[in-house]
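Student: I would like to go through this model and ask what each term rests on.
Tutor: Then look at the sequence and the structure before asking.

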Amino acid sequence: MKCIFCKNPSSESKSIEHIIPESLGNKSHSLPPGIVCDSCNNYFARKVERRVLESGYFQSLRFTQGIPSKKKKIPPQKAFISPNIEVELIKEKDGSNTVRVPTEVWNQVAQMKGCQIIFPTSGTRPEKREMSRFLAKIAVEAFAQRFVDKPHLINDMLNDEQLEPIRQWARYGNSPECWSFHERRIYDRNKRHNSDDVKNYQVVHEYDFLFTPQNELYFCVAFFGEEFTINIGGASIDGYKQWLSDNKEISPLYIDKRSNQSFNPTANSSLHSL
Ligand SMILES: [Zn+2]
């Protein structure tokens, strides 16, 4: 067995690789040990996923939507007591919010007659380069997920030269300068969905592939309605923009659902029941 990223022998590897980080609410989409070796698994957690998850944008998303980390903690969110005292908002187990005021500013806050707490509702986006590598990692793993029961196809994937640049970009980030991706909102982050089987839930993440008439393969993933798309075969996103324009800007995640008003959760989505 060889790792799909570094191609080193991986039969002894023991870690399960989560395609979407557990800290983004993914409990079900993972690859069995050895598809991604322990060393790459560890590298992605420390150098790729953490940087993205610690960005203001994802911290805010995790806080406002109440997504616990692997250790079952919802990360606190930075906030300000007007005008400039930095505090933290803590999500309690019952869903209420507490403001944590650092002891060194406690007297100052206690003397205030009234105060206003300001917290960002979206947060600073991850660096483009880091987000791109994060998406590339998810894309390669989602691709491998389709073949986990067919070892000969995983082998073909390892030898596929067309996948070499994206796997190198995800794992080593050494070239090109930046691998473009496309980003847009396809529905409100608080949108509640209903299906025949499940009522009143949110979609934590959903992903799928798009094969365009120009024979380009794109990977598309959405977190709470924010869609990100990356080209599997090259660093340009122009073909996706063209496809969007040719297809009335529909999301590839919803192509088969156009005629179906009620959204049916697919195998590639993770739900958040309310
Ligand atoms: Zn590896």
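**Terms and their grounds**

Tutor: This is a predicted model. Strands S3 (residues 77-81) and S4 (residues 85-91) run antiparallel and are joined by 5 bridges.

Student: What makes S3 and S4 a pair?

Tutor: The criterion is at least two bridges between two strands. S3 and S4 have 5 bridges, so they pair. In two of these positions, Ala-79 has Val-87 as its bridge partner, and Phe-80 has Glu-86. A hairpin of 3 residues leads from S3 to S4.

Student: How do you know that S3 also pairs with S6?

Tutor: S6 covers residues 117-118 and has 2 bridges to S3, in antiparallel direction. At least two are needed, so S3 and S6 pair as well. Ile-81 has its bridge partner in S6, namely Ile-117.

Student: Which strands make up the open sheet, and in what order?

Tutor: The order is S5-S4-S3-S6, 4 strands with antiparallel pairing.

Student: Why are S5 and S6 called edge strands?

Tutor: Strand S5 (97-100) and S6 each pair on one side only. As for what holds strands together, strands of a sheet pair through backbone hydrogen bonds.

Student: What makes the largest nonpolar core a core?

Tutor: Its members must be buried residues of nonpolar type, joined through C-beta atoms within 7 Å. The largest such set has 53 residues. Among those with the most contacts inside it are Leu-135, Ala-136, Phe-219 and Ile-230. In soluble globular proteins, nonpolar side chains tend to be buried together.

Student: Which element supplies the largest share of this core?

Tutor: H4, with 10 residues. Helix H4 (128-145) is one of the elements that supply at least two residues each, and others include helix H1 (38-53), strand S8 (201-211) and strand S10 (226-231).

Student: Which residues does Ala-136 touch, leaving out those up to four places away in sequence?

Tutor: They are Ile-166, Trp-169, Ala-170, Trp-179 and Ile-230. A touch here requires C-beta atoms within 7 Å.

Student: How do you know that the radius of gyration agrees with that of a compact globule?

Tutor: For 274 residues the globule rule gives a value near 19 Å, and the chain has 21 Å, which agrees. The C-alpha atoms fill a box of roughly 70 × 45 × 35 Å along the principal axes.

Student: What share of the residues is buried?

Tutor: Buried residues are 30% of the 274 in the chain. The cut-off is 20 or more other C-beta atoms within 10 Å.

Notes. Residues are numbered from 1 along each chain as its sequence is written. This is a predicted model: local features need pLDDT of at least 70, side-chain atom pairs count only at pLDDT 80 or more; totals for chains, interfaces and linings use all residues. A residue is buried if 20 or more other C-beta atoms lie within 10 Å of its own, exposed if 12 or fewer, and partly exposed in between; C-beta atoms are placed from the backbone. Two residues are in contact if their C-beta atoms, placed from the backbone, lie within 7 Å. The radius of gyration is taken over C-alpha atoms; the globule rule is 2.2 Å times the number of residues to the power 0.38.
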